[in-house]
Amino acid sequence: MDSRQVLVNPSPTVAVVGMATIDYLYVLDSHPDEDSENPVRQYAVVVGGPAGRGAIAAARLGDGGVSLHAMCGSGVHAEVLRQELGREPIDVNLFERDQISQHSAVIVAADHGTRSTMWLPQPAADSELLHRLPTIFDCADTALLDCTDAVLSRAAVTTCRDMGVPVVMDTGGYKETSEDFLSGIEYIVAPEKFFTKRHPGQSLDSAMQRVFEDFRPQALVATQAALGGTYLDGTGSHRYRGYPVDTKDSCGAGDTFHGALAWAIAAGSEIGAALDIASWSAALKCAVFGNDGIPDRLQLKRHLAESGQVR
């Protein structure tokens with residue numbers, strides 16, 4: 001890792017556009033069997049969604065400068081979402097529509113820390129949000145996007161490209177609808193299953209090379225949870241490390257990773273250093289139930305000092 005390229009800009013601006021939701025977390029001893037009764041061992045209400053939790057991860061590492069822009073339904077779940085987001089150092093912009101608001105019920109198995117999620121989607125992007133995109137990305141150092149709404153993602157990518165704003169794209173699982181807007185994105189981040197679904201039967205290295213050649217990002221990242229992951233850039237293939245922890249709750253680890261990565265890139269870190277910050281952030285999130293484990297700026301400073309990197 002090149003320590004000279006860690007956190008050049010102490011106050012970056014990150015614009016986050018995509019899905020934000022409210023998660024109702026239920027910890028059970030293990031994943032339930034059919035027709036079973038299961039006592040809840042722990043419960044929490046937290047902000048989730050690729051954009052929602054990603055914005056929290058970015059905001060906590062910095063000292064302001066993170067904005068969140070998402071569609072939102074109405075009713076009690078929307079009220080809870082606004083309340084929980086109001087606790088974070090984020091400029092929140094929710095575009096509300098008259099329909100039941102997006103929310104998720106998440107079962108976390110205490111024996112493994114794995115989860116099962118049941119969710120209702122957010123409203124589709126409308127003209128109000130689409131027309132705001134140039135203002136949203138004005139002066140942004142980096143944009144964090146997801147692929148949950150193809151129309152919104154396509155418009156956001158086009159706007160960022162026209163304005164020269166680098167994009168970190170959270171692909172989620174592979175979707176054919178994302179094929180026409182992934183080209184030219186600076187940082188594409190995908191779970192290992194994205195590559196196996198797009199190129200079944202091929203090794204991860206081979207599938208990544210195909211994706212890299214098709215879309216030509218500045219860096220292509222394959223995440224492999226606690227194992228760390230692999231990334232391709234103009235200099236070849238590289239590994240980044242994982243941070244083993246006693247996992248209490250893996251829900252939102254990927255969202256945390258993407259938010260921390262977007263923030264670190266906006267702060268001026270080179271991709272290897274940025275991925276280390278992202279991997280460390282995701283691990284700390286997993287070590288604590290809910291969103292309380294997502295690290296803040298003070299923890300980041302300690303981490304960089306302990307690992308011999310420049311703060």
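This is a predicted model: local features need pLDDT of at least 70, side-chain atom pairs count only at pLDDT 80 or more; totals for chains, interfaces and linings use all residues.
Residues are numbered from 1 along each chain as its sequence is written, and side-chain values use heavy atoms, with hydrogens and water left out.

**Aromatic rings**

- The ring centres of Tyr 174 and Phe 194 are 5.3 Å apart and their planes are at 75°, so this pair is edge-to-face. (Rings of Phe, Tyr and Trp, the last by its six-membered ring, pair if their centres lie within 6.5 Å; planes under 30 degrees apart are stacked, over 60 edge-to-face, the rest tilted.)
- That pair links distant parts of the chain, 20 residues apart: Tyr 174 is in the loop between strands E9 (167–170) and E10, and Phe 194 is in helix H5 (residues 192–198). (Helices, H or I with at least four residues, and strands, E with at least two, are DSSP runs numbered from the N terminus.)
- Phe 194 also pairs with Phe 195: centres 5.2 Å apart, planes at 75°, so edge-to-face again.
- Ring pairs join Tyr 174, Phe 194 and Phe 195 into a cluster.

**The sheet**

- An open sheet of 9 strands runs in the order E5-E4-E1-E8-E9-E10-E11-E12-E13, with mixed pairing. (Two strands pair if DSSP finds at least two bridges between them.)
- At the edges are E5 (91–100) and E13 (236–240), each pairing on one side only.
- Strand E4 (residues 66–74) runs parallel to E5, and 7 bridges join the two.
- Met 71 has Phe 95 in E5 as its bridge partner.

**The nonpolar cores**

- The largest nonpolar core has 54 residues, and Leu 261 and Trp 263 have the most contacts inside it. (A core is a set of buried Ala, Val, Leu, Ile, Met, Phe, Trp, Tyr and Cys residues joined through side-chain atoms within 4.5 Å.)
- Helix H8 gives the most to this core, with 9 residues.
- Beyond its neighbours within four places in sequence, Leu 261 has contacts (heavy atoms within 4.5 Å) that include Val 168, Val 189 and Ile 271.
- A second, separate core has 38 residues, among them Leu 129, Phe 181, Met 208 and Phe 212.

Terms used: Buried means under 20% relative accessible area, exposed over 50%, partly exposed in between (1.4 Å probe, protein chains only).
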